[in-house]
Amino acid sequence: MTSSTPLCAGRVVAVTGAGRGLGRAHALAFAAEGAKVVVNDLGVGLDGSGAGGGPAQRVVEEIRAAGGEAVAHGGDIATGDGAASLVAAALDSFGRLDTLVNNAGFLRDRMLVNLDEDDWDAVMRVHLKGHFLPLKHAAAHWRAEAKAGRVPEARVINTSSGAGLLGSVGQGNYSAAKAGIVGLTLVAAAEMGRYGVQVNAIAPAARTRMTEDTFAETMAAPGAGGFDAMAPENVSPLVVWLGSAASAGVSGRVFEAEAGRITVMEGWRPGPTADKGARWTPAEAGETATRLLAAAETPQPVYGAR
């Protein structure tokens with residue numbers, strides 16, 4: 001039996017990169033569950049070039065047309081000022097901040113030997129730094145609230161990727177950034193739990209500007225009447241639940257979300273091991289490693305491996 005009370009009634013949610021794709025779907029889904037939403041988007045192109053506030057404002061208008069409350073935020077969340085102003089926008093507009101969804105990103109795909117330093121830096125900046133800075137400023141606010149005796153039920157949902165968990169050919173910069181987001185998630189969950197903050201990550205698969213060309217066949221929409229497995233809206237229900245008070249006790253976890261499937265991802269953990277109790281010779285180390293590898297599980301293939 002489900003409650004008639006919206007899952008996020010009274011909560012204020014900030015979603016980065018919410019002008020299109022997954023971010024838009026998340027913002028609309030939160031609003032449908034009663035949240036007030038800060039819709040962040042720079043309105044840049046797929047490679048991060050250009051800027052315009054149109055996409056964020058259009059999502060705000062969609063939410064308002066459906067009877068919800070939302071404001072647009074056009075700041076660059078990969079800068080300290082932009083990230084701080086995202087938190088300020090929530091506090092100034094709605095008086096609080098309960099949930100942060102870090103989603104903003106873009107692609108500059110190249111094979112490693114062709115990957116320019118600028119393309120590496122740009123992807124690291126928007127994905128990894130663009131997660132760290134909003135998280136830092138939101139966490140500072142929630143810590144201050146907790147120290148003032150107002151312990152929040154705060155939530156952060158970060159966006160990793162299967163590319164970050166397994167690697168993806170032609171996406172060395174993106175894969176490294178998305179793997180870094182998992183590490184950041186684990187540290188933030190451990191550090192911020194005492195202040196009432198839960199931090200989790202998702203690795204979504206959906207049709208967006210970032211995937212519809214790269215994985216065109218997989219991401220294609222179905223024929224009339226078929227279940228659109230790759231619709232970004234399929235990912236949002238999990239994000240909304242993680243961003244609600246109903247997810248109490250869930251922190252430091254990574255979920256894959258795709259179509260109608262939700263998977264709890266289990267990361268690095270000790271496998272077969274050997275302990276000599278003394279230093280190995282190189283030959284002994286090689287023999288032992290070979291024996292351990294034979295007993296270990298075969299790793300999943302890298303995305304796009306030939």
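Helices (H or I, at least four residues) and strands (E, at least two) are DSSP runs, numbered from the N terminus. This is a predicted model, in which local features need pLDDT of at least 70, side-chain atom pairs count only at pLDDT 80 or more, and totals for chains, interfaces and linings use all residues. Residues are numbered from 1 along each chain as its sequence is written, and side-chain values use heavy atoms, with hydrogens and water left out.

**Arg 150**
- Arg 150 sits in the loop between helix 4 and strand 5.
- Arg 150 is partly exposed at 47% relative accessible area (buried is under 20%, exposed over 50%, partly exposed in between; 1.4 Å probe, protein chains only).
- Its C-alpha atom is separated by 9.5 Å from that of Gly 196, 46 residues apart along the chain.

**Ser 161**
- Ser 161 lies in the loop between strand 5 (154-159) and helix 5 (162-166).
- Ser 161 is buried, with a relative accessible area of 8%.
- The side chain of Ser 161 reaches the backbone nitrogen of Ala 163 at 3.0 Å.
- Leaving aside neighbours within four places in sequence, Ser 161 is in contact (heavy atoms within 4.5 Å) with Tyr 174, Lys 178, Ile 202 and Ala 203.

**Helix 3 and helix 4**
- The axes of helix 3 (residues 80-94) and helix 4 (residues 117-147) come within 8 Å and cross at roughly 45°. Axes are lines fitted to C-alpha atoms, for helices over the stretch in contact, with angles from 0 to 180 degrees between N-to-C directions.
- In helix 3, Gly 80, Ala 83, Ala 84, Leu 86, Val 87 and Leu 91 meet Leu 133, Pro 134, His 137, Ala 138 and His 141 in helix 4.

Note on methods: A polar contact is a pair of N or O atoms within 3.5 Å; within protein, one must be able to donate a hydrogen and the other to accept it, and residues adjacent in sequence count only if both atoms are side-chain atoms.
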